[in-house]
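Here are a few notes for a first look. Please keep the model open while reading.

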Amino acid sequence: MHEMSLAEDVLQLINEASVKDQFTKVVTVWLEIGQLSSVEPQSMAFCFDAIKRGSVAAGARLEILALPGVGWCEDCATSVPMSDAFCECPQCGGYQVRITGGTEMRVKELEVE
Ligand SMILES: [Zn+2]
């Protein structure tokens, strides 16, 4: 389950932010997960819950925001929505689609006290 190491990355980022911005308690974590990132939001929430104990994020609520997948179709020369990384262009049915968005995972915002 690679979500565990990703959750640890998120927690580390929060810890670094708590030192830099001098907060001691995180209330909410907004995490953006791209639909093409192969990160399972439920697994992510489970792993984050498991490792947050004893940290500044111990009482934090994890809010997951899904980022839609976006691709660029070479044939249509246009941006198209993508539901998975290997699907064809929804407009022309071609496979010349380059993924341009929705593969990332990042902490969008922290609500702190
Ligand atoms: Zn197309």
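Leaving aside its neighbours within four places in sequence, which residues is serine 18 in contact with? The points below start there.

1. Basis. This is a predicted model, in which local features need pLDDT of at least 70, side-chain atom pairs count only at pLDDT 80 or more, and totals for chains, interfaces and linings use all residues. Residues are numbered from 1 along each chain as its sequence is written, and side-chain values use heavy atoms, without hydrogens and water.

2. Serine 18. With neighbours within four places set aside, serine 18 is in contact (heavy atoms within 4.5 Å) with Phe23 and Val56. Serine 18 lies in helix H1; helices are DSSP runs of H or I, at least four residues, and strands are runs of E, at least two, numbered from the N terminus.

3. Glutamate 3. Helix H1 covers residues 3–21 and includes glutamate 3.

4. Cores. A nonpolar core is a set of buried Ala, Val, Leu, Ile, Met, Phe, Trp, Tyr and Cys residues joined through side-chain atoms within 4.5 Å. The largest has 20 residues, and Ile14, Val26, Val29 and Phe48 have the most contacts inside it. H1, strand E1 (26–34) and helix H2 (41–51) each supply at least two residues of this core. H1 gives the most, with 5 residues. A second, separate core of 7 residues includes Met82, Cys87, Cys89 and Val97.

Notes
Buried means under 20% relative accessible area, exposed over 50%, partly exposed in between (1.4 Å probe, protein chains only).
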